[in-house]
Amino acid sequence: MSTDFSATRAAFDLPEGIIYLDGNSLGPLPRAAAARVERAVTGEWGRMLVTGWNKAGWMDQPSKIGNRIATLIGAEPDSVVMGDTLSIKVYQALASALEMNPTRRVILSDTGNFPSDLYMAEGLCRTLGSGYTLKTVAPEDIAAHIDETVAVTLITEVDYRTGRKHDMAALTARAHAAGALTVWDLAHSAGAFPVYLADCRADFAVGCTYKYLNSGPGGPAFIYVAPRHADTARPALSGWLGHESPFAFDTTYRPGTGIERMRVGTPPVLQMAALEASLDIWDSVSLNDLRTASLALTDRFIAGVEAACPTLTLATPRDHAARGSQVSFRHPEGYAIMQALIARGLIGDFRAPDILRFGFTPLFIGAPEVDAAVAVLAEVMDKSLWDQPQFKTRARVT
Ligand SMILES: *Cc1c(COP(=O)(O)O)cnc(C)c1O
């Protein structure tokens, strides 16, 4: 059965008069989320107090929701668990992978990776000392640099600035052939298009839920460990809820069974309630339909903007196989242009130094919004409406 995108759109509470092309940064509010969170707050926390950990199933939520996320990223059952933030999960996955490849010292990543991933890798290398290094190369050169010195690759599948998508299957095969492990960051993949972690034989993966998966600001991250590694990977961040028996209150750490060991501390119960409401919408979505719709939207936007705005330079690959679910254009005045668009109800975002970024999310964006967005952008560019002082002062979040 094909996906009914008018039904998914009706499931979101979007403000009137806004064209929201930033669901790749913060997904919008699912209508059911407010009631679901209200139930968790007053019905569960309020009435059950501490007994909610058992009665409301709070303690099982991270692995139950992990299994729902697994279906969206091509992962095996019981291979995904929720918790912490993406930056923390990057650190945890990297530390585990490095330990599994103890004769090697290099983490290989690319310069298009999101800075937090690189910072976490750098920090981990410093803590480990003894020759551990982070090596970053241009995104197009990464395959050529996977050699027998590399312990683990840390690759974000989709570049947050350009929307360029790496070939996960090919790079994973290449890493394995060289004896390296892989950590894939799915921040701009999960909920953006089908992902095939198991088929690609990925070793570790991490991702966040507040972008395409619409869990709301501060929603928890997830971590995937391939089942073949799950009982050998040491979790590195060895918190009590990843212990084999947390309520034995043993003074020595013993990792839990399988993916459970990647849990650290108390999970964010209220955020996970919001995430559950969002995942109910995802239950009705075919990821192949999503990809078809997403490519149609991004093609339409590229064609429209290129026809109407000759001073903007496309930064996103035209090749479908190399494109995520966003479109970016470069312009030296990108920040001011984006502020002028937002002032007119078209919300995207700006990424330094010169990227105007627009996310395409078929769950709530269709062709009419794309055409309206092109018209707003064309007017702002034609009339230089961005060229005003109030659009040039940078806010804390861009
Ligand atoms: C959004 C994003 C992050 C953010 O990490 P948090 O810890 O959730 O703030 C990290 N890495 C990538 C690749 C991202 O796109």
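## The cavity

About 70 Å³ of space lies in the largest cavity, and a search of the whole structure turns up one cavity of 30 Å³ or more. This is a predicted model, where local features need pLDDT of at least 70, side-chain atom pairs count only at pLDDT 80 or more, and totals for chains, interfaces and linings use all residues. Residues are numbered from 1 along each chain as its sequence is written, and side-chain values use heavy atoms, with hydrogens and water left out.

A cavity here is a set of points, on a 1 Å grid over the protein atoms alone, where a 1.4 Å probe fits but cannot get out. Points are joined across faces, edges and corners, and the volume is the space filled by probe spheres set on them.

## What lines it

Lining residues (an atom within 4 Å of a point) include Tyr212, Trp282, Phe360 and Phe364. The lining divides into eight nonpolar, four polar and no charged residues, with Gly counted as polar. Domain 1 (5-31 + 286-391) and domain 2 (34-282) each give at least three residues to this lining; the bounds come from an automatic or database domain assignment.

## The nonpolar cores

A nonpolar core is a set of buried Ala, Val, Leu, Ile, Met, Phe, Trp, Tyr and Cys residues joined through side-chain atoms within 4.5 Å, buried being under 20% relative accessible area with a 1.4 Å probe, protein chains only. The largest has 82 residues, and Ile73, Leu186, Leu197, Phe301, Phe358 and Leu377 have the most contacts inside it. This core, too, draws at least three residues from each of domain 1 and domain 2. Apart from it lies another core, of 30 residues, including Val90 and Ala151.

How values were computed: On a 1 Å grid over the protein atoms alone, a cavity is a set of points where a 1.4 Å probe fits but cannot get out, and a pocket is an open set with protein on both sides within 12 Å along at least five of seven lines; lining residues have an atom within 4 Å of a point. Buried means under 20% relative accessible area, exposed over 50%, partly exposed in between (1.4 Å probe, protein chains only).
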